[in-house]
Amino acid sequence: RIQDLEVELGVRLFSRFNRRIELTAAGFSFHAGIASAFNTIEIEIDRLRTRNDLRYLKISTLQSFASAWLVPRLAAIMRQHADLSIVLETTTNLVNFDNSDVHAAIRFGNGDWGKLITHRLLELTAFPVCAPSLGHLSGRITPAVLDQFVILSITQAPQIWSEWFSSVGLPNYTPRAVQLFDNAEILYEAASAGMGLALGVDVLVQRYLDSGRLARASETSVSLSSTYHLVYRTRDRNIRALQLLRDALLEK
């Protein structure tokens with residue numbers, strides 16, 4: 001291979017003797033020029049090996065989804081893999097993967113986030129909920145019926161109410177009064193206190209229904225077009241801890 005390289009370069013890199021070889025002047029010069037490049041390659045190989053064997057994982061997600069759905073599953077993963085360390089960051093802000101130390105995030109939407117790898121985690125169903133004292137949307141649902149309530153909505157996903165209005169034949173309905181929240185748990189707390197009508201997403205609202213703090217205000221449900229997705233950078237796809245998380249969350 002050295003001889004092939006010498007032929008390709010058109011210079012001798014080694015002087016050959018009976019029992020030894022020595023670098024020529026050209027060989028010394030060539031070695032000095034490429035040594036830093038080989039060091040860089042070795043550092044990057046070590047870095048990639050470390051990333052692939054990583055047992056530490058940082059995840060960003062919404063607080064409401066973390067407490068209602070994600071945390072119990074993370075606990076199960078960590079029981080099976082005792083050496084795995086997971087840090088959970090809850091925020092309403094989208095992670096900028098270009099300059100973040102977060103390895104993965106769970107985002108709500110349609111799954112279109114550019115070059116990020118995305119995995120759809122579950123299907124979501126939504127239906128109106130309210131404090132039991134506010135009663136039920138009985139009979140035909142009309143604008144006049146809905147106008148009796150303040151519509152409680154989530155800042156990050158205002159479109160889900162539009163989907164439900166369309167499902168009951170009111171695609172152009174504009175609520176009389178709307179109160180916005182940036183956290184689903186606060187939204188449901190407000191609804192349980194009698195502030196108005198909220199749209200309950202099944203995986204988030206079930207514990208409120210089970211405790212009797214909220215009740216279904218209508219039997220009409222809608223399958224949401226948006227849902228929660230696990231997202232991460234392409235370069236991180238071989239991280240072992242991330243693979244364990246992905247496989248566990250996607251397990252049916």
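Me: Why is valine 129 called buried in this predicted model?

Reply: Buried means under 20% relative accessible area. Valine 129 has 0% relative accessibility, so valine 129 counts as buried. This residue lies in strand S7.

Me: What makes S11 and S12 partners of S7?

Reply: The pairing rule asks for at least two bridges. Strand S12 (residues 222–223) has 2 bridges to S7 and runs antiparallel to S7; here threonine 125 has serine 223 as its bridge partner. Strand S11 (residues 215–216) likewise has 2 bridges to S7, again antiparallel, and cysteine 130 stands opposite alanine 215.

Me: How do you know that S5 pairs with S3 and with S13, and in which sense does each pair run?

Reply: At least two bridges are needed for a pair. S3 and S5 have 2 bridges and are parallel, with isoleucine 59 opposite alanine 104 in S5. S5 and strand S13 (residues 227–232) have 5 bridges and are antiparallel; tyrosine 228 in S13 is the bridge partner of phenylalanine 108. Strand S5 (residues 104–109) is mostly covered, with 5 of its 6 residues buried.

Me: Why is arginine 55 called partly exposed?

Reply: Partly exposed is the class between under 20% (buried) and over 50% (exposed). Arginine 55 has 26% relative accessibility, so arginine 55 counts as partly exposed. Its place is the loop between helix H2 (25–52) and strand S3 (56–61). Its C-alpha atom is 9.8 Å from that of alanine 82, which is 27 residues away along the chain.

Me: Why is the contact of arginine 213 with glutamate 189 called a salt bridge, and what does the pair tie together?

Reply: A salt bridge needs a side-chain nitrogen of Lys or Arg within 4 Å of a carboxyl oxygen of Asp or Glu. The N to O distance between arginine 213 and glutamate 189 is 2.6 Å, and the two side chains meet in a salt bridge. Arginine 213 lies in the loop between helix H7 (202–211) and S11, and glutamate 189 lies in helix H6 (residues 184–192), so the pair ties together parts that are 24 residues apart in sequence. Arginine 213 is partly exposed at 37%, and glutamate 189 is partly exposed at 32%.

Me: What makes arginine 216 and glutamate 219 a salt bridge, and how is each residue classed?

Reply: The cut-off is within 4 Å. The closest N and O atoms of arginine 216 and glutamate 219 are 4.0 Å apart, and the two residues form a salt bridge. Arginine 216 is partly exposed, with a relative accessible area of 27%. Glutamate 219 has 58% relative accessibility, and exposed means over 50%, so glutamate 219 counts as exposed.

Me: How do you know whether the salt bridge partners arginine 233 and aspartate 236 are buried or exposed?

Reply: The side chains of arginine 233 and aspartate 236 meet at 2.8 Å, N to O. The limit for buried is under 20%. Arginine 233 has a relative accessible area of 9%, so arginine 233 is buried. Aspartate 236 has 0%, so aspartate 236 is buried. The structure holds 10 salt bridges, and Lys58, Glu89 and Asp101 are linked in a network of such bridges.

Me: What makes the span of helix H3 close to the expected one, and where is its kink?

Reply: Helix H3 (residues 63–80) has 18 residues and reaches 24 Å from its first C-alpha to its last, close to the 26 Å expected at 1.5 Å a residue. A kink of about 55 degrees lies at leucine 70, shortly before proline 72. Buried residues of H3 include Phe65, Trp69 and Leu70.

Notes: Residues are numbered from 1 along each chain as its sequence is written. This is a predicted model: local features need pLDDT of at least 70, side-chain atom pairs count only at pLDDT 80 or more; totals for chains, interfaces and linings use all residues. Side-chain values use heavy atoms; hydrogens and water are left out. Helices (H or I, at least four residues) and strands (E, at least two) are DSSP runs, numbered from the N terminus. The expected span of a helix is 1.5 Å times one less than its number of residues. The bend at a residue is the angle between axes fitted to the seven residues ending there and the seven starting there. Buried means under 20% relative accessible area, exposed over 50%, partly exposed in between (1.4 Å probe, protein chains only).
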